[in-house]
Amino acid sequence: MEFIFSPWPWYVTGPLIGLLVPLMLILGSSFGVSGNLETICSLVGAGKVSDYFKLDLKRRMPSLLFVIGAIIGGFIAANWLSIENYSIALSSDAINSIQSLGVFDTTGLQPSELFNWEFLFSVNGFLLFCFGGFLIGFGTRYAGGCTSGHSISGLSNLQLTSLIASIGFFIGGLISTHFLIPLILTP
Amino acid sequence: MKNILYVFSGVIFGIVMFKSEAISWFRIQEMFRFQAFHMYGIMGSAVVVGASFVAVLRRLGMNSITGEPMKFSEKKKLYKSPLIGGVIFGLGWAMTGACPGPLFVNVGAGYSVMLVVIGFAALGAFVHGLIAHRLPR
């Protein structure tokens, strides 16, 4: 049972995620998460403001149910399928780089110094999480998909648009990691 | 019945994303600094497996369980919007350490601050919807 509770290697998890692409097709839907951000807008009444959000919610139900499942899956994994207080086997280079940002506690799954409400309500926290979140939502809908819809599902379907988007994702991530995040976090 | 299967697929996704550590801010930093193979292994092997099964499904030409043809991803051939939108998304991806899927998995795993990130992501999607007709495609 030990292998269930320890982290699963990439060569197990990657193929399992890849299998979700044909699984969702067989179930009559497709693998992709970011459309749900628009569904959420629509559910809270954005259709009254703009026709863009007058969506066919029935058609979007499979993807919404998938995301509800993802939340449940996260709960199951965190509470019943992992050991408490485990640390990620980050490379020593990564630990050095992250600590040079002023994030010293590299134990656990997420940085405790950043993933807390006090940090969120600081200027830096607002920039990192609120502005960052805004960019995620705006960018992914402008690009027509996110890592799941473009980089996994779109590339699995050999879509050129998805390749361009994935290259864009990476350029943005590199700019953010090497310029913006150090600017925000470094004391 | 179908609805249970969609939720079930999501549960699998959530568990696998958690257990792969792909929902970790640390892992995203490590990836964008080219300091480990881990994330590249996950995404690369996911695409290889996904593409192989999609190729087989296309050849078989069967219908989905709803009786309709399968919804193979046919993205509109665009150049500007995936690139510009992609870069904007990438900036936020590295900042929060999560793309949309992991945002939801993180909430389930108990990282409640991610709810605020989801809120702002929905706001971003909303603003995009308002000005979508004016943006270059």
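**Contacts between chains A and B**

In this predicted model, 110 residues of chain A are in contact with 100 residues of chain B. On the side of chain A that touches chain B, at least two residues each are supplied by helix H2 (10-26), helix H3 (35-43), helix H4 (57-80), helix H5 (92-100), helix H6 (117-120), helix H7 (123-143), helix H8 (147-156) and helix H9 (160-185) of chain A. The largest share of this side comes from H9(A), which contributes 18 residues. In composition, the residues of chain A that touch chain B divide into 70 nonpolar, 37 polar and 3 charged.

Chain B itself contains 6 helices and 0 strands, and its elements follow one another from the N terminus as α-α-α-α-α-α. Taken along the principal axes, the box filled by the C-alpha atoms of chain B comes to roughly 40 × 40 × 35 Å. Of the 137 residues in chain B, 57% are buried, and among the contacts in this chain with a separation of 6 or more, 49% are accounted for by residues 24 or more positions apart.

The largest nonpolar core has 95 residues, and those touching the most other members are Cys41(A), Phe18(B), Phe89(B), Leu103(B), Met114(B), Ala121(B) and Ala122(B). One of these, Phe89(B), illustrates how a residue of chain B meets chain A: when residues up to four places away in sequence are not counted, Phe89(B) touches Leu135(A), Ile136(A), Gly139(A), Thr140(A), Ala143(A), Cys146(A), Phe169(A) and Gly172(A).

Conventions
Residues are numbered from 1 along each chain as its sequence is written. Chains are lettered from A and ligands numbered from 1 in the order in which they are written. This is a predicted model: local features need pLDDT of at least 70, side-chain atom pairs count only at pLDDT 80 or more; totals for chains, interfaces and linings use all residues. Helices (H or I, at least four residues) and strands (E, at least two) are DSSP runs, numbered from the N terminus. A residue is buried if 20 or more other C-beta atoms lie within 10 Å of its own, exposed if 12 or fewer, and partly exposed in between; C-beta atoms are placed from the backbone. Two residues are in contact if their C-beta atoms, placed from the backbone, lie within 7 Å. A nonpolar core is a set of buried Ala, Val, Leu, Ile, Met, Phe, Trp, Tyr and Cys residues joined through C-beta atoms within 7 Å. Ala, Val, Leu, Ile, Met, Phe, Trp, Tyr, Cys and Pro count as nonpolar, Asp, Glu, Lys and Arg as charged, and the others, Gly among them, as polar.
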